[in-house]
Each structure stands twice: as C-alpha cells, then as structure tokens.
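Subject: Structure for your review

Dear colleague,

I am handing over the structure below, and my notes on it follow directly after. Please read them with the model open beside you.

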Amino acid sequence: MRVILDANALLAVLHGEPAMDRVLSLLREGRAAMTGANVAEVFDVGIRRKGFAPARMRDLVEPMFDGPITCIPVDPGLAGRAGELRAARYHRSKCRIPLADAVLLAAARPADKIASSDSDVLAVAAELNVETVELPRSDG
C-alpha cells in the first residue's frame, strides 16, 4: 500500500503550511509516493507562486526522492489513463481537476490511498473507490 501525495502535500512541508505535520507523519511511515507530473507541479508552484529559487527547489525536493518518497514515472499507459480520466470528469465549474492530479488518480492501485486537500481530487477518488487521506487546506 502506497500513499500517493499530490503536489500541495509536499508544498505544505516546504512552505510550513497547515498540512505539514500530517504529511511529515505520512513520510515517516515510509510508503509515500508521487507521480512525476506532481513533482513537476511542485517545482512550478514552488518557484512561480511561493518564490523559491530554482536551485533551492532542487536542493529541497530532489533529496526527498532518495529517501521518504518514491517517484512514480509517467509512462504512456499511465498518461493515457490520466487523459481519459480527466476528459471524463473535468468540468470548468464543477470539477476543475488539474492534469497532474488526474495522473495521480490514474496511478492509484487498489490498495493505495491518495493524500490531498483538493476537494475535486478527493471527490473523484471517492467515485473511483480510491481511499483518501484528507489534508488540511493551505492558508494561502
């Protein structure tokens, strides 16, 4: 069983947000994973919106994948499942599921859990019968 983290989970740790303690607890359990798409989102948001320098992001993020987090590569099969999932469920006002989170949901195996604070991700996970760990929402 893995706990697949969305980008906001790792950003909460890096930025000291409300979900930080819960995410650190999940990391200590040793079964955390992230998709390559969500890792890209961590870098994008960390640099563009949180103000981290690219080199600082590499210093903070890359060691996590030598230790507590396993990276799930996005191969053509996973990419196809994610594209189909998003195409079937995305709606601009009712379910604004980002593509990276569609990859996260498509990567989940039957015994996996998804850790997210995003209500749309949690709702789609429930529709897919994927267990979830609801994280506290960011304060900004």
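**The largest pocket**

By class, the lining of the largest pocket is made up of nine nonpolar, four polar and nine charged residues, where Ala, Val, Leu, Ile, Met, Phe, Trp, Tyr, Cys and Pro count as nonpolar, Asp, Glu, Lys and Arg as charged, and the others, Gly among them, as polar. This is a predicted model, in which local features need pLDDT of at least 70 and side-chain atom pairs count only at pLDDT 80 or more, while totals for chains, interfaces and linings use all residues. Residues are numbered from 1 along each chain as its sequence is written, and side-chain values use heavy atoms, with hydrogens and water left out.

The volume of the largest pocket is about 350 Å³. A pocket here is an open set of points on a 1 Å grid over the protein atoms alone, where a 1.4 Å probe fits, with protein on both sides within 12 Å along at least five of seven lines, and lining residues have an atom within 4 Å of a point; grid points are joined across faces, edges and corners, and the volume is the space filled by probe spheres set on the points. Of its 22 lining residues, Asn8, Arg49, Ser117, Asp118 and Ser138 are the closest to the centre, and α1 (7–15) and α3 (36–48) each supply at least two residues of the lining. Helices (H or I, at least four residues) and strands (E, at least two) are DSSP runs, numbered from the N terminus.

Ser117 is found in the loop between β4 (113–116) and α7 (119–127). Ser117 is buried (under 20% relative accessible area, with a 1.4 Å probe and protein chains only), at a relative accessible area of 11%. Not counting residues up to four places away in sequence, Ser117 touches Asp6, Asn8, Leu122, Leu135, Pro136 and Arg137, contact being heavy atoms within 4.5 Å.

**Strands and core**

β4 pairs in the parallel sense with β1 over three bridges and with β5 (residues 131–134) over four bridges, two strands being paired if DSSP finds at least two bridges between them. Leu5 has Ala115 in β4 as its bridge partner, and Lys113 has Glu131 in β5.

Best regards

How values were computed
Buried means under 20% relative accessible area, exposed over 50%, partly exposed in between (1.4 Å probe, protein chains only).
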